[in-house]
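Here is a short walk through this structure, written for someone meeting it for the first time. Keep the view open as you read, and follow the points in order.

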Amino acid sequence: MKILVIEDTPKHRDDAKNFFASQSDVVAIYSSDFAGARRFLEKGKVDGVISDIYFPYQNESIWSEPEAVGVYVMMLSRKLGIPCILNTDGNHHGPRFQWIHDMLGRLGLPAMVDTSNNKAESKNWQDALDALKAEIDKAPQPD
């Protein structure tokens, strides 16, 4: 399985690389902004996406401040038929994430994977991978 991991925080990206290196059935591609991730967001290039929620649209530009670009990645992935899971180091009932949690539920999209803390040291990469695999299993298979 080939997945795209979008993560701009160096510690979380390093944790993800260590975690996915131990997964024999996963090849992970990494990006720290939307501009780098965009070239992989096409049907057939990846089997799924695990995306941070707040990250830059484009590093080293006027668009380099973290915004809720992960929401756009989720919607674009849905349009393209690519399973996507949002993964955060925060709590979905926190002030930055409640609106996203509510929107995902109203649209029938997969719930975000979070840490139930306001700012955790690490992310739940195993839970995110399990959730992504469940979404991939539910996705319609090509003829």
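1. β1 and β2 pair in the parallel sense, with 5 bridges between them; two strands count as paired if DSSP finds at least two bridges between them. Leu 4 has Ile 29 of β2 opposite it. Strands here are DSSP runs of E of at least two residues, helices are runs of H or I of at least four, and both are numbered from the N terminus.

2. A word on the source: this is a predicted model, in which local features need pLDDT of at least 70 and side-chain atom pairs count only at pLDDT 80 or more, while totals for chains, interfaces and linings use all residues. Residues are numbered from 1 along each chain as its sequence is written, and side-chain values use heavy atoms, with hydrogens and water left out.

3. Now to β3 (residues 48-51). Strand β1 (residues 2-6) runs parallel to β3 and is joined to it by 4 bridges, with Val 49 as the bridge partner of Leu 4. Strand β4 (residues 84-86) is also parallel to β3, through 3 bridges, and Ile 50 stands opposite Ile 85 of β4.

4. In which order do the strands of the open sheet lie? The order of the 4 strands is β2-β1-β3-β4, with parallel pairing. At the edges are β2 (27-31) and β4, each pairing on one side only. From one strand to the next, the twist averages 20°.

5. In a regular strand, side chains alternate between the two faces of the sheet. Both faces of β3 are covered: Gly 48 and Ile 50 on one side, and Val 49 and Ser 51 on the other, are all buried (under 20% relative accessible area, with a 1.4 Å probe and protein chains only).

6. Helix α3 lies across β1, β3 and β4 and runs at about 160° to β4. Angles are taken between N-to-C directions, from 0 to 180 degrees, using axes fitted to C-alpha atoms.

7. Finally, look at α3 (residues 69-80) beside α4 (residues 98-107): their axes come within 12 Å and cross at roughly 15°. The two helices are therefore roughly parallel to each other (angles under 35 degrees). The contact (heavy atoms within 4.5 Å) involves Val 71, Met 74, Met 75 and Arg 78 of α3, and Trp 99, Ile 100, Met 103, Leu 104 and Leu 107 of α4.

Notes:
Parallel < 35°, antiparallel > 145°, perpendicular 65-115°, else oblique. Buried < 20%, exposed > 50% of the residue type's maximum accessible area, 1.4 Å probe, protein only.
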